[in-house]
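Here is my notebook from a first walk through this structure, written for anyone meeting it for the first time. I jotted down each thing I looked up, one entry at a time.

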Amino acid sequence: MTLLFAGDLMQHKAQIDAARTDSGTYDYTPCFARVKRQIEAADLAIGNLEVTLGGRPYTGYPAFSAPDEYLTAIRDAGFDVLLTANNHCLDRGSPGLVRTLNKLDSLHIPSLGTYRDSLDRAHRHPLLFTLKGIRIALLNYTYGTNGLRPRSPALVNYIDRKQMQQDIHTAQAWRPDVLIACIHWGQEYQSLPNHAQRELADWLFKQGVDHIIGSHPHVLQPMELHTDTLRGSQHVLAYSLGNFISNMSARGTDGGALLTLTLEKVQPMRTLRPSTRTVSCTYDLVWSGRPSLTGKQNFELYPVTSPIDSLPPIARNKLKIFTEDARQLLNRHNKGIYERNKINEK
């Protein structure tokens with residue numbers, strides 16, 4: 001089976017304005033058209049929803065509230081699960097947090113990271129799936145919420161090792177084949193992980209987490225494939241997948257990566273319990289085409305390997321800069337994880 005992870009799904013004011021139609025509704029269909037097939041192809045596609053659906057007035061940074069149509073477009077693009085524990089989940093306070101969860105439920109999109117109350121959390125964290133005979137448990141936490149705190153009874157999963165350890169033990173009691181932690185951490189706009197990220201990753205692996213997927217820096221950070229020689233298993237660590245879609249324009253913030261993890265259930269001798277092994281882990285680079293660069297009506301995501309002859313020279317140059325910077329960083333610092341495709345450069 002395959003799992004696909006995307007970076008930050010942002011919604012700045014320029015994106016809201018670009019999606020507005022003459023009738024006053026919002027159309028995000030063009031945004032995901034070029035990546036929809038890849039997202040849908042995964043057995044489980046997971047993204048970081050770094051906005052609230054807090055209702056009108058719709059706002060971008062610093063307090064995000066996206067139109068409801070944005071969530072519909074994300075679902076229609078093929079995403080199966082959305083992460084909500086991030087520093088913007090309380091941008092519209094606890095009412096905005098609850099409204100976001102209500103909208104997710106109305107579209108039948110499983111989510112994790114924020115909760116209406118303790119009972120809601122008990123039902124949905126860890127989040128469990130069984131696909132193609134493989135049982136997966138998902139965890140999600142954030143370093144903070146921009147100085148805001150949820151109003152009781154609403155809850156946010158913060159990085160708290162005591163609580164995280166309890167959650168890991170709860171997940172392990174369900175005997176999952178794979179345990180994945182999605183962590184909102186690190187320092188914004190820094191291309192290398194800091195000491196706190198590395199130390200927390202080591203701690204999570206020691207607790208029994210199999211794979212770690214990170215977000216928050218808004219730029220790409222390295223990906224590593226760790227081998228546990230004692231257990232003969234491999235563990236993926238992606239410090240940051242960058243921005244999936246946004247209006248950010250600073251160098252390195254205008255793109256990100258789609259990470260694809262392929263797993264296989266292995267049946268050993270009858271006396272042993274089946275195990276799940278990592279078959280492969282690859283990534284694809286994706287660039288956010290802003291209308292001011294592309295001349296298009298809306299924001300559009302471009303896999304960096306897609307034909308770009310129709311783009312204006314300024315857009316092609318920005319895409320090229322992102323691609324070259326990303327490849328230089330990841331080729332230098334990645335460990336055992338490689339780009340699935342590359343542009344044939346002359």
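This is a predicted model: local features need pLDDT of at least 70, side-chain atom pairs count only at pLDDT 80 or more; totals for chains, interfaces and linings use all residues.

**Entry 1**

Asp43 sits in the loop between helix H3 (36–41) and E2, while Lys132 is in the loop between strand E6 (127–131) and E7, so the pair ties together parts that are 89 residues apart in sequence. I also checked how open each partner is. Asp43 is partly exposed, with a relative accessible area of 24%, and Lys132 counts as exposed at 63%.

**Entry 2: other salt bridges**

How many salt bridges are there by this rule? I noted a count of 18. Side chains of opposite charge can pair when their charged atoms come close.

Next I looked at Glu264, which forms a salt bridge with Arg277, the closest N and O atoms being 2.8 Å apart. This pair links distant parts of the chain, with Glu264 in strand E14 (residues 255–266) and Arg277 in strand E15 (residues 275–289), 13 residues apart. Glu264 is partly exposed at 35% relative accessibility, and Arg277 is partly exposed with a relative accessible area of 42%.

My last pair here was Asp17 and Lys13, whose closest N and O atoms are 2.9 Å apart in a salt bridge. The two are four residues apart in helix H1 (residues 13–19), so about one helical turn separates them. Asp17 is partly exposed, at 45%, and Lys13 is partly exposed too, at 42%.

**Entry 3: a charged residue without a partner**

Is Glu50 buried or exposed? I found Glu50 to be buried, yet without a salt bridge. The nearest side chain of opposite charge belongs to Arg92, and Arg92 is 15 Å away. Glu50 is placed in the loop between strand E2 (44–49) and helix H4 (68–76). Setting aside neighbours within four places in sequence, I listed the contacts of Glu50, among them Asp8, Phe64, Asn86, His88, His184, His216 and His218.

**Entry 4: empty space inside**

Rolling a probe the size of a water molecule over the atoms shows where empty space is left. My search of the whole structure gave two cavities of 30 Å³ or more.

The largest cavity has a volume of about 70 Å³. Its lining has 13 residues, and Ala6, Leu83, Ile213, Gly214 and Ser215 lie nearest its centre. Strands E1 (2–9), E2, E9 (178–184) and E10 (211–215) each supply at least two residues of this lining. By class, I counted eight nonpolar, five polar and no charged residues there.

The second largest cavity has a volume of about 60 Å³. Leu49, Val51, Thr52, Thr84, Cys89, Leu97, Thr100 and Thr114 line it. This lining divides into four nonpolar, four polar and no charged residues.

**Entry 5: a leucine in a loop**

Where does Leu148 lie? I placed Leu148 in the loop between strand E7 (134–142) and strand E8 (155–156). Leu148 counts as partly exposed, at 40% relative accessibility. Beyond neighbours within four places in sequence, Leu148 is in contact with Leu90 and Tyr158. I also compared Leu148 with Ile213: their C-alpha atoms are separated by 24 Å, and the two are 65 residues apart along the chain.

Key: Residues are numbered from 1 along each chain as its sequence is written. Side-chain values use heavy atoms; hydrogens and water are left out. Buried means under 20% relative accessible area, exposed over 50%, partly exposed in between (1.4 Å probe, protein chains only). Lys and Arg count as positive and Asp and Glu as negative; His and the chain ends are not counted. A salt bridge is a side-chain nitrogen of Lys or Arg within 4 Å of a carboxyl oxygen of Asp or Glu. Contact means heavy atoms within 4.5 Å. On a 1 Å grid over the protein atoms alone, a cavity is a set of points where a 1.4 Å probe fits but cannot get out, and a pocket is an open set with protein on both sides within 12 Å along at least five of seven lines; lining residues have an atom within 4 Å of a point. Grid points are joined across faces, edges and corners, and a volume is the space filled by probe spheres set on the points. Ala, Val, Leu, Ile, Met, Phe, Trp, Tyr, Cys and Pro count as nonpolar, Asp, Glu, Lys and Arg as charged, and the others, Gly among them, as polar.
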